[in-house]
Amino acid sequence: MTAQDRTVFLSDYQPFTHLVEQVALTFRLSPGATRVTARLSLAPNPARAGRQDLRLDGEGLTLLSLRLNGAPLALTPDETGLTIPAGLLPDAPFTVETEVEIAPEANTALEGLYMSRGMYCTQCEAEGFRKITFYPDRPDVMARFRVRIESDLPVLLSNGNPAGQGPGWAEWDDPWPKPAYLFALVAGDLVAHSAPFTTASGMPVALNIWVRPGDQDRCAYAMDSLIRSMRWDEQVYGREYDLSVFNIVAVDDFNMGAMENKGLNIFNSKFVLASPETATDDDFGRIEAIIAHEYFHNWTGNRITCRDWFQLCLKEGLTVFRDQQFTGDMRSHAVKRIEDVLLLRARQFREDGGPLAHPVRPDSFVEINNFYTATVYEKGAEVIGMLRRLVGDADYARALDLYFTRHDGDAATIEDWLKVFEDVTGRDLAQFKRWYTEAGTPVVKVTEDWDGATYSLTLSQTNPPTPGQPEKAPKLIPVALGLLNPNGDEILPTTVLELAEPTQTFRFKTATRPVPSILRGFSAPVVLERQVTPEERAFLLAHDTDPFNKWEAGRALAKDVLARMVTEGASPGPDWLDALARVAFDETLDPAFRALALRLPAEDDMAATLHAAGIAPDPARIWAERRRMAEAVARHLAPRLPALIDSLAEPGPFTPDARAAGRRALRLAALSLLSRVDGGTAAAAAHAGADNMTEEIGSLACLLDIGQGAAELARFEGRWSHDRNVMDKWFALQIAYAAPDLAARVTTALTAHPAFDWKNPNRFRAVIGALSANHGGFHHASGAGYRLVADWLLRLDPLNPQTAARMSTAFETWPRYDTARRALVQGELARMAGTAGLSRDLAEMVARMRS
Ligand code: ARG
Ligand code: ZN
């Protein structure tokens, strides 16, 4: 069967033939031969007329017994499941009992029930439950689960509330009907870091974070984040927790970040475990955000789930939006917004502009695991941000309340979601819905005119073609606008313009020619095109009252400078350098903001920008010119850097809060610049004196960036070889800072390192992912980067198709480059496509990326 034969279409949706009232599962755990018995209480679904076959999904299961209403049935499953013919089924409720055998220790795909260093764990989203037992594995089939686990391991966990335990067994009962993808089971030799919580209405909840013995002192930050998330969801969304326990388990082998299983979240250990010595400020920030994200899913995902996997953005877009709001409230809205937009452009715009572009709500897929993308998650969150901007905060809150009351317990759709907004506001959102159904990043062109009394702003949108969608209708785009006087006063505070037509003109009475600040807060995920002079950008960098656009002005200046360095051999001029210096040393600004302003445009971003301007980017040249740019900045700021670095030293013990983290970020940005002029003296001293991982690894990066740090790298390895999460950083850092000519060689050497455990997804990503992200190295003219990544994807694919397929997106940017590089990439894609036994996951990705 080819990949295309298995395409699933949204338009084919039908409710399931039967309802599942109750599921009773028993697991007799054994690494090579786990027995799973399942007793399903079923009834015909009144939504489906006539007597229907019962089709149960099941993959890789050895069926030991099958009973219908207690009587044995002799049926043989096929490759993907088991069908009980309608003729055998009664009209009334009935039970189906199965017993199957599975081998968790042989499960290298990390989907279904698998083992990670001696512990049992599960990952069922999206379609992993069918690897555990025969079941209608689709999100609109919701049932109450009761689970019995039999094992000698000391800790046995599943969803819901504890329902009894004894020597060698435990039972769990989940009162909330749920789809199978939210099922979870964990068994292991684990210890808990625990805390009590009382909900707003007074219900006590036992919170536990389960980790390997020895890791329990690295859970405090995750626990603190969980408690703040629970409180925040009560206060901001009025949502309370609904079970007597909330368990989180940290697992070392995990394909993704984390999973929101009901009452039993399972996390990649790198997003739970943290201490100042082992985790960076970025790690702390990610832990806080992911703990919040998974917790928030309890309402947006679990209480209200998705009707089918095409609706994935219903839970993911909304939950990302909610975790972004939370982080903004905990830290800084301005800094959070800038970081989110950097990520959106780096991942989602890149995806939307290439062969893998797809709508926020796709309408077909071969393998759903390939659609856990930046588009579904991050653009999905942007769409909700736009909706909120269009209807206003008060109506957003009313619409959410209606969503929760109307759809609690439902498996819902994007249509349901938009309908609550239509009902609350009376607006017709048909045009807005195109954001969900059409792929591609709109381009908004701006022209303006001032006649002495009236300022006219003309906005035109174009919606570029994407695979399968050649033509597009105009979208409804909220454009937040402010107008400034030449003296810097704001004459129009932020106002949301609604661009609905291909071209629209907006007029404002003003006696002076204003400077517009357009798309404030990045009010829509679009590319803004406008002819702006460097003087006007410098003015906005100095005076814009919108922090996002202030940063954006500086970024645009830097990109203009770098583009001219790459294309014309220009040099950074004093105007830009002075403007940058003013921000860097402006003590009225948040240090975290200043650190972001000092971050130079990324090489991949520059390549995308040059491509958009009709120029085939030369990766080696971009790398070299970006370094020349950093050196020019370093020389310009050098005299004031030592004092800045000293002034940012944190007295007292490490704290992971945003204020302290922002100061460290600026300090390290300054240290990185200083390293380029002091030969690494200050960075070496900072490294030697570091008492936290942020500074230990940040200063090491400064040294590697200037071709030093060999001794420090060796010492780091000696000090941290026992810690997998820290060693991932050691692997990744060396590849990230390798020069383009060396990146493939450094990677090859590291793949021969005894600690390169390539079957562990975190380690694979730390090494092969780091090479894919080293722009100059991956796109090296020799093709060595492409070849090495393809070799490793082909090696991983038979064991772990999900991670192999996800990492194949490294190749998605090929249309940007010259014909020689395109041919090299096409060669690697053809080689992968031609490999016998390629997984459905990787086959789909490669097919979509081939020209
Ligand atoms: N729902 C999880 C989260 O975003 C991600 C699960 C991803 N699973 C997958 N097979 N791709 O919180
Ligand atoms: Zn999620």
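Analyst: Strand S2 (residues 18–28) and strand S3 (residues 34–44) pair antiparallel over 10 bridges. Strands (E, at least two residues) and helices (H or I, at least four) are DSSP runs, numbered from the N terminus. Two strands pair if DSSP finds at least two bridges between them. His18 stands opposite Pro44 in S3.

This is a predicted model, in which local features need pLDDT of at least 70 and side-chain atom pairs count only at pLDDT 80 or more, while totals for chains, interfaces and linings use all residues. Residues are numbered from 1 along each chain as its sequence is written, with chains lettered from A and ligands numbered from 1 in the order written.

S2 and S3 belong to an open sheet of 8 strands. Its order is S6-S5-S8-S3-S2-S11-S14-S13, and the pairing is mixed. The edges are strand S6 (71–72) and strand S13 (161–166). Each has a single partner strand, so one side of each lacks a neighbour in the sheet.

The loop between strand S5 (62–68) and S6 holds Asn69. Phi of Asn69 is near 45°, a positive value in a residue other than glycine.

Ala126 sits in the loop between strand S10 (119–123) and strand S11 (143–150). A cis peptide bond joins Glu125 to Ala126, with omega about 5°. Both residues are in the shell around ligand 1. The shell also includes Met256, Ala258, Met259, Glu260, His293, Glu294, Glu316, Asn369 and Tyr372. Strand S19 (258–259) and helix H2 (281–296) are the elements that give two or more residues to this shell. A residue counts as near the ligand if its C-beta atom, placed from the backbone, lies within 6 Å of it. By class, the shell has 5 nonpolar, 2 polar and 4 charged residues. Ala, Val, Leu, Ile, Met, Phe, Trp, Tyr, Cys and Pro count as nonpolar, Asp, Glu, Lys and Arg as charged, and the others, Gly among them, as polar.

For residues 96–182, UniProt lists "domain: Aminopeptidase N-like N-terminal" in an unreviewed entry. UniProt positions follow the numbering used here, feature names are shortened, and annotations may be inferred rather than shown by experiment. That span is 0% helix and 52% strand, and its end C-alpha atoms lie 21 Å apart.

Further along is an open sheet of 4 strands, ordered S28-S25-S24-S30, with mixed pairing. Strand S28 (503–509) and strand S30 (527–529) are at the edges, each with a single partner strand, so one side of each has no neighbour in the sheet. The twist averages 25° from one strand to the next. Strand S25 (residues 454–462) runs antiparallel to S28, joined by 7 bridges. Thr458 has Thr505 in S28 as its bridge partner.

The unreviewed UniProt entry also lists "domain: Peptidase M1 alanyl aminopeptidase C-terminal" for residues 535–849. Here the chain is 71% helix and 0% strand, and the end C-alpha atoms are 41 Å apart. Helix H11 (residues 574–584) packs on helix H14 (residues 619–637) at about 65°, with the axes 10 Å apart. Axes are lines fitted to C-alpha atoms, for helices over the stretch in contact, and angles run from 0 to 180 degrees between N-to-C directions. H11 contributes Leu577, Leu580, Ala581 and Ala584 to the contact, and H14 contributes Ala632, Val633, His636 and Leu637. Residues are in contact if their C-beta atoms, placed from the backbone, lie within 7 Å. This contact has 7 nonpolar, 1 polar and no charged residues.

Definitions and conventions: Contact = placed C-beta atoms within 7 Å.
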